[in-house]
Amino acid sequence: MAHRADRPATWFVTGASRGLGLALVTHLLRDGQRVAATTRSADRLLDALGELDDLDTSGLLALEVQLTDERSVGEAVDRAHAALGGLDVVVNNAGYGFLGAVEETSDADVQGLLDVQVRGTWNVIRAVLPAMREAGWGRIINISSILGMVTFPG
């Protein structure tokens, strides 16, 4: 079961202030779902949602989170549980693309990319799993770029 039938599903979405994350949050709010939306900039998220005149954001909890910081992620998950009463669906969407020739890529570039897209995802999963296991329900969705499976010359 993805969520309790006595209430709308509660979602925890990372990378929510732009692109696919913003589109997902917008859709979920329009559908009456409750959403803990994480971003590096709550202002950017709220500004983007504020441009949509017909959107009811009463089911939204905007959270500024540094995904590479285990403590920041844990605090965000705790806040979401306290404010929304649990999490039913977690969407690990945060990430970014990095384009450049391999030999021009620094160790810091690679580390930053891996920190967000691997360690950040790992931090979220570790933070949400105990409560999901205890509740006996929940879904975790990890989103990746097609570039994780297919490469292009250059």
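Visitor: Over how many bridges do β4 and β5 pair?
Guide: This model is predicted, so local features need pLDDT of at least 70, side-chain atom pairs count only at pLDDT 80 or more, and totals for chains, interfaces and linings use all residues. Residues are numbered from 1 along each chain as its sequence is written, and side-chain values use heavy atoms, with hydrogens and water left out. Two strands count as paired if DSSP finds at least two bridges between them. β4 and β5 run in the parallel sense, and their bridges number four.

Visitor: Is N92 buried or exposed?
Guide: Buried means under 20% relative accessible area, exposed means over 50%, and partly exposed lies in between (1.4 Å probe, protein chains only). The relative accessibility of N92 is 3%, so N92 counts as buried.

Visitor: Which residues does N92 touch, leaving out those up to four places away in sequence?
Guide: A contact means heavy atoms within 4.5 Å. With that cut-off, and with residues up to four places away not counted, the list is T14, T121, V124, I125, I140, I141, N142 and I143.

Visitor: Which residues of β4 point the other way from V89 and V91?
Guide: V89 and V91 share one direction from β4, and the remaining pair takes the other. Both pairs are buried. The pair pointing the other way is V90 and N92.

Visitor: What is the bridge partner of W11 in β4?
Guide: β1 and β4 pair in the parallel sense over three bridges. W11 belongs to the side of β1 that also carries V13. Its bridge partner in β4 is V89.

Visitor: What pattern does the chain follow along the sequence?
Guide: Helices (H or I, at least four residues) and strands (E, at least two) are DSSP runs, numbered from the N terminus. The chain holds four helices and five strands. Read along the sequence, the pattern is β-α-β-α-β-α-β-α-β.

Visitor: How far apart are the C-alpha atoms of L29 and T57?
Guide: L29 sits in helix α1, residues 19–30. At 7% relative accessibility, L29 is buried. L29 touches residues including V35, L49 and T57. L29 and T57 are 28 residues apart along the chain, and their C-alpha atoms are separated by 6.6 Å.

Visitor: How far apart in space are Q111 and S144, C-alpha to C-alpha?
Guide: Q111 is part of helix α4, residues 107–135. At 44% relative accessibility, Q111 is partly exposed. Q111 and S144 are 33 residues apart in sequence, and their C-alpha distance is 18 Å.

Visitor: What radius of gyration does the chain have?
Guide: The radius is taken over C-alpha atoms, and the globule rule is 2.2 Å times the number of residues to the power 0.38. For 154 residues, a compact globule would come near 15 Å; the chain agrees with that, at 16 Å.

Visitor: What share of the residues is buried?
Guide: The C-alpha trace spans about 55 × 40 × 25 Å along its principal axes. The chain has 154 residues, and the buried share is 38%.
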